[in-house]
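Welcome, and please load the model in your viewer. We will go from stop to stop, selecting a few residues each time.

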Amino acid sequence: MLGYSDSNKDGGFFTSNWELYRAEIALAALFVELGAGQPKPITLRLFHGRGGTVGRGGGPSYQAILAQPPGTVNGQIRLTEQGEVIHRKYGMRALAVRNLEQATAAVVRATLRPRPPEPREGKWREMIAFMSDASSASYRALVYGEADAQAGHDAGVKASPAQIALERSNFVDYFRLATPIDVIERMRIGSRPARRGGGGLENLRAIPWVLSWSQSRVMLPGWFGFGSAVQGQDMAELHAMEKAWPFFRTLVQNMEMIMAKSDMTIARRYASLVPDQALAAAIFGALQAEWDRTREAVLAITGQAELLGGQPELDRLIRLRMPYVEPLNHVQIELIRRRRAGDDDPRVREGILLAINGVAAGLRNSG
């Protein structure tokens, strides 16, 4: 089983996807080696533990299956569909049939018509490995503190001075105050509690982690670190990589989708919930700077003028929903502010919960 959620929380979106891809390649090679000379080949079936959102391995299933490394599908694949995804993709018979047809078609195509070897892929893997180190260092510098940032520097990976100056406890304080995590932890969602036990980010489960950042419209688990990863890279080579390598193309498209659903102006309003505005300015500044770097990188790689410029139908659907989502964000912020100020009116808490549900429904794959 390949676990997307916790690997993302540990190292960020880009590194999580790359390390899982590497693991798949290694497993496929191992099964070929172990099956050599056997009367019957040893069959590999990978179980993809995908969540609903990009930060937990989600995204369009058809493209995801076709983006798997050669030799890892072979007529079968197993994956999870969770929570809101079940209702959205299988709640109506016609939708269920369509989604099952798409998944089946992808498995058949990946098995019977695997993509031909790409002679540049060896070079591209080396580039991705270096970029992954930079992405992980940038992510862990922000989320897990100064020691990890310094380790990245010792390995020759550059993180911004602003990121290095942020201490782990400060980031946790920001996260708890600039997102509705304090409410989400008390909601009866999912099959398991929000924490494995104890405090700290290590024990927080991936669903509340991702959902909190979705509600505050930062969407951090779906993109943070990529902008730093491509600094100094050959954009022409990355553009060629996006065109010819399904793994990288799917990764960029998923990141592009989740960034189109983010809104850093609304996120700034959530940052205003942090009493220590110096802390809020420092961490939000790091988030905004990385968001800007990542957006510029995505546009340079895809050759587009705007996010989702190559996916006009998806862009239209997201734009149709956002006018209904944004007022709920502003209502949620005001109600959270009142509740944290001591307003115990049950209607305030109920309003926050309704706003959380409304924002999640409008954003769709958000938790």
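How many nonpolar, polar and charged residues does the lining of the largest cavity have? By class there are 12 nonpolar, 8 polar and 2 charged residues. Here Ala, Val, Leu, Ile, Met, Phe, Trp, Tyr, Cys and Pro count as nonpolar, Asp, Glu, Lys and Arg as charged, and the others, Gly among them, as polar.

Before you select anything, some ground rules. This is a predicted model, in which local features need pLDDT of at least 70 and side-chain atom pairs count only at pLDDT 80 or more, while totals for chains, interfaces and linings use all residues. Residues are numbered from 1 along each chain as its sequence is written, and side-chain values use heavy atoms, with hydrogens and water left out.

**Stop 1: the whole chain**

Show the protein chain as a cartoon: it has 18 helices and 3 strands. Helices (H or I, at least four residues) and strands (E, at least two) are DSSP runs, numbered from the N terminus. Of the 367 residues of the chain, 50% count as buried. Buried means under 20% relative accessible area, exposed over 50%, and partly exposed in between, with a 1.4 Å probe and protein chains only.

**Stop 2: the largest cavity**

Rolling a probe the size of a water molecule over the atoms shows where empty space is left. A cavity is a set of points, on a 1 Å grid over the protein atoms alone, where a 1.4 Å probe fits but cannot get out; lining residues have an atom within 4 Å of a point. Grid points are joined across faces, edges and corners, and a volume is the space filled by probe spheres set on the points. The count comes to 2 cavities of 30 Å³ or more.

The largest cavity has a volume of about 300 Å³. Select Tyr-4, Asn-17, Ala-64, Gln-68 and Thr-250: of the 22 lining residues, these are the closest to its centre. Then colour α2 (13–35), α3 (61–66) and α14 (246–261), the elements that give two or more residues to this lining. The most comes from α2, with 5 residues.

**Stop 3: the second largest cavity**

Next, select Thr-53, Gly-55, Val-210, Ser-214, Met-219, Pro-221, Gly-222 and Ile-258, which line the second largest cavity. About 40 Å³ of space lies inside this cavity. Its lining divides into 4 nonpolar, 4 polar and no charged residues.

After α11 comes Arg-217, whose phi is positive, near 70°.

**Stop 4: the open sheet**

Which order do the strands of the open sheet have? The order is β1-β2-β3, with parallel pairing. Two strands pair if DSSP finds at least two bridges between them. At the edges are β1 (2–3) and β3 (78–79), each pairing on one side only. Select β1 together with β2 (47–49): they pair in the parallel sense over 2 bridges. Leu-2 has His-48 as its bridge partner in β2.

**Stop 5: two loop residues**

Most residues other than glycine have a negative phi, and most peptide bonds are trans. Select Asn-74, in the loop between α3 and β3; its phi is positive, near 50°. Is Asn-74 buried or exposed? Asn-74 counts as exposed, at 51% relative accessibility.

Move on to Leu-308, in the loop between α16 (277–302) and α17 (312–340). Leu-308 also has a positive phi, of about 65°, but at 1% relative accessibility Leu-308 counts as buried.

**Stop 6**

Select Ser-61 in helix α3; Ser-61 is buried, with a relative accessible area of 11%. Leaving aside neighbours within four places in sequence, Ser-61 is in contact (heavy atoms within 4.5 Å) with Arg-50, Glu-81 and Lys-89.

Finish at Arg-337 in helix α17, which is partly exposed at 32% relative accessible area. Arg-337 and Leu-273 are 64 residues apart in sequence, yet 6.6 Å apart in space, C-alpha to C-alpha.

How values were computed
1 Å grid on protein atoms, 1.4 Å probe; cavity = no way out; pocket = protein on both sides within 12 Å on 5 of 7 lines; lining within 4 Å.
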